[in-house]
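My notes follow the order in which I checked things.

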Amino acid sequence: MNALQIIIAGSLVAISCGLLGCFLILRKMAMVGDAISHAVLPGIVIAFMLTGSRDSVTMLLGAGVIGVLTTFLIEFFHTKGKLQTDASIGVTFTWLFAIGVILISVFAGKVDLDQECVLYGEIAYVPLDLWITDTGTIMGPRVIYISASVLVILLLFIGFGYKELFLTTFDPAYASAIGISTITWHYLLMGAVSLTTVASFEAVGAILVVALLIAPPATAYLLVDDFKKMLILTSVLGVIVSVCGYYLAAWLDGSIAGAMAAVSGFFFGVAFIYNRLMVKKSSKVKPSKTAI
Amino acid sequence: MIEQAKDPVLEIHDLTVSYDRKPVLWDVDLTLPAGQLIGIVGPNGAGKSTLIKSIMGLTPNSSGYVKLFDKNLKDVRGKISYVPQKESVDWDFPASVLDVVLMGRYGKLGLFKRPRKADKDVAMDALRKVGMEAYINRQISQLSGGQQQRVFLARALAQQADLYFMDEPFAGVDAATEKAIITLLREMSARGNTVVVVHHDLQSVTQYFDWVIMLNMRLIASGPTEKVFNTELLQETYGGKLTLLSDVGELIRRERFPSREQKRKKELKQKK
């Protein structure tokens with residue numbers, strides 16, 4: 001039962017992260033996802049200190065705001081300061097993350113939030129952290145409810161905004177030319193990334209969430225050539241990663257989040273080798289006469 | 001030499017565009033006639049793409065305004081289409097040819113609505129016009145440069161606009177595609193659509209375009225090709241930078257207006 005709950009929580013987180021990661025890597029913004037996942041840390045801590053609980057909506061919102069602020073700062077340093085994008089990302093998120101680390105260490109005694117948990121996640125404690133209603137009914141693990149709601153929000157967001165997200169990712173200039181606001185969709189997407197990272201940090205931690213944001217979509221990108229298929233394959237990979245990750249961790253008696261991230265890296269490696277083999281194979285075949 | 005068009009589809013008034021306070025376009029003022037095939041020529045860095053981008057509202061104008069069909073861009077977006085430079089997108093993107101062409105329908109669909117059968121029919125029709133109907137499910141990374149350009153054109157056609165702006169549609173395409181594209185553009189202008197094209201190859205200007213805009217940061221000329229495309233204005237546009245300039249001038253004199261030249265020679269002979 002515990003195993004199942006952990007796997008469900010892991011899968012929900014992996015699917016949410018993966019779906020957004022598909023957009024991020026195609027927008028060449030994978031590192032922005034990395035930045036957001038780290039930069040929301042002060043948001044998490046501040047919101048936690050203000051409200052004193054870990055499941056408040058305020059906390060999600062607070063961290064979401066910080067996430068959007070991060071993207072704004074990255075854009076700002078890049079456009080106004082003429083700083084290279086990667087330098088701008090590097091400066092912004094490490095600074096915000098550092099503030100978060102300081103806040104945690106200073107207020108360590110006062111808040112029920114420790115660095116280990118925030119950085120590495122504690123998915124193994126998912127079955128212990130139950131949602132108990134005021135009347136005393138036990139509803140099951142809290143993390144599962146949070147990550148399931150986030151996934152539903154994301155599915156609605158991607159479902160309704162699919163066409164706009166797809167176009168602004170592929171050809172932003174054309175999107176603006178036909179009157180679709182690229183900036184609006186950029187910030188909506190970044191808001192969604194912030195929300196997802198905050199909801200996922202308890203399960204896999206602020207560092208490993210990046211693995212789930214990037215590795216499954218990158219794997220799917222190598223294997224399929226249709227965007228919808230890429231989204232579906234990423235979700236399937238997310239589930240497989242959390243199942244394999246859990247049993248690998250159980251077998252090694254090690255960190256579950258670490259095992260999940262390691263498994264997703266392993267899958268990427270396999271997909272990469274497969275991709276190279278296919279390229280070699282197809283290049284051996286005489287190139288068919290390309291029609292004009 | 002700037003000729004104003006009657007009942008213009010496009011009016012640009014005192015347009016200045018700058019990047020980082022450095023002007024890229026300086027005080028451009030012109031009008032364009034309807035139903036013609038219009039070429040924009042000028043050296044590299046002359047602001048040809050910038051002109052199109054600022055008409056489409058993609059770069060902020062420092063001063064001046066643009067009127068399309070005597071209205072602001074916002075109000076007539078549905079009637080205007082844009083073909084960006086082929087290199088501006090990542091062709092390894094996981095999308096099929098049909099996916100890309102369907103994007104041409106997105107503007108008409110509005111928020112949250114998905115493309116329907118009717119939109120697919122329009123997209124298919126556009127693909128047929130550019131001769132790419134056999135490739136609808138092909139992933140875009142597997143296309144040649146010429147095919148990619150045709151897909152971009154099909155996407156613009158699927159918009160069913162009246163006025164088209166195209167940024168270098170002939171760049172990096174093979175001769176057959178160039179011919180197919182120009183035939184298509186001719187058909188479009190014959191049907192009353194206005195097509196504005198950023199163009200690089202001076203040799204084909206007189207063959208292709210009814211109207212030419214010559215640009216080098218400021219507007220050198222805008223008018224019917226036979227009136228403005230001459231050595232003097234080319235010299236002014238390219239500032240002697242073009243070593244081939246005299247050759248091009250020679251070409252124009254010798255080959256491009258043969259009928260008229262010969263007629264004039266005959267007339268001269270008769271007078272003598």
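**Notes on chains A and B**

I started with Phe160(A) and found it in helix α6 of chain A, which covers residues 142-170. The model is a predicted one.

Phe160(A) belongs to a nonpolar patch with Val152(A), Leu156(A), Leu111(B) and Phe112(B). Together these residues have about 510 Å² of accessible area.

Next I turned to the interface. How many residues of chain B are in contact with chain A? I noted 38 of them, against 27 residues on the side of chain A.

Interface size is often stated as the accessible area lost when the parts come together. For chain B and chain A I noted about 2,800 Å² buried between them, with 64% of it on carbon and sulfur atoms. Within chain B, the residues that lose the most area to chain A are Phe93(B), Pro94(B) and Tyr106(B), and together they make up 24% of what that side buries.

I looked up the polar side as well. The rule finds two salt bridges across the interface. Lys28(A) forms a salt bridge with Asp90(B), and their closest N and O atoms are 3.1 Å apart. I also recorded nine residue pairs in polar contact between the chains.

Last, I sorted the side of chain B that touches chain A. Helices α3 (97-109), α5 (145-158) and α6 (175-190) of chain B each give two or more residues to it. α3(B) gives the most, with seven residues. By class, I noted 19 nonpolar, nine polar and 10 charged residues on that side.

Terms used
Residues numbered from 1 in each chain as written. Chains lettered and ligands numbered in written order. Predicted model: local features only at pLDDT ≥ 70, side-chain atom pairs only at ≥ 80, totals over all residues. Heavy atoms only, no water. Patch = residues over 30% accessible without salt bridge, like charges linked within 9 Å, V, L, I, M, F, W, Y side chains within 5 Å. Areas by Shrake-Rupley, 256 points an atom, 1.4 Å probe, with all protein chains shown as cover. Salt bridge = Lys/Arg side-chain N within 4 Å of Asp/Glu carboxyl O. Helix = DSSP H or I, 4+ residues; strand = E, 2+ residues; numbered from the N terminus. Contact = heavy atoms within 4.5 Å. Buried area = accessible area lost by both parts, 1.4 Å probe. Polar contact = N/O pair within 3.5 Å; in protein donor to acceptor, adjacent residues only side chain to side chain. Nonpolar A, V, L, I, M, F, W, Y, C, P; charged D, E, K, R; others polar.
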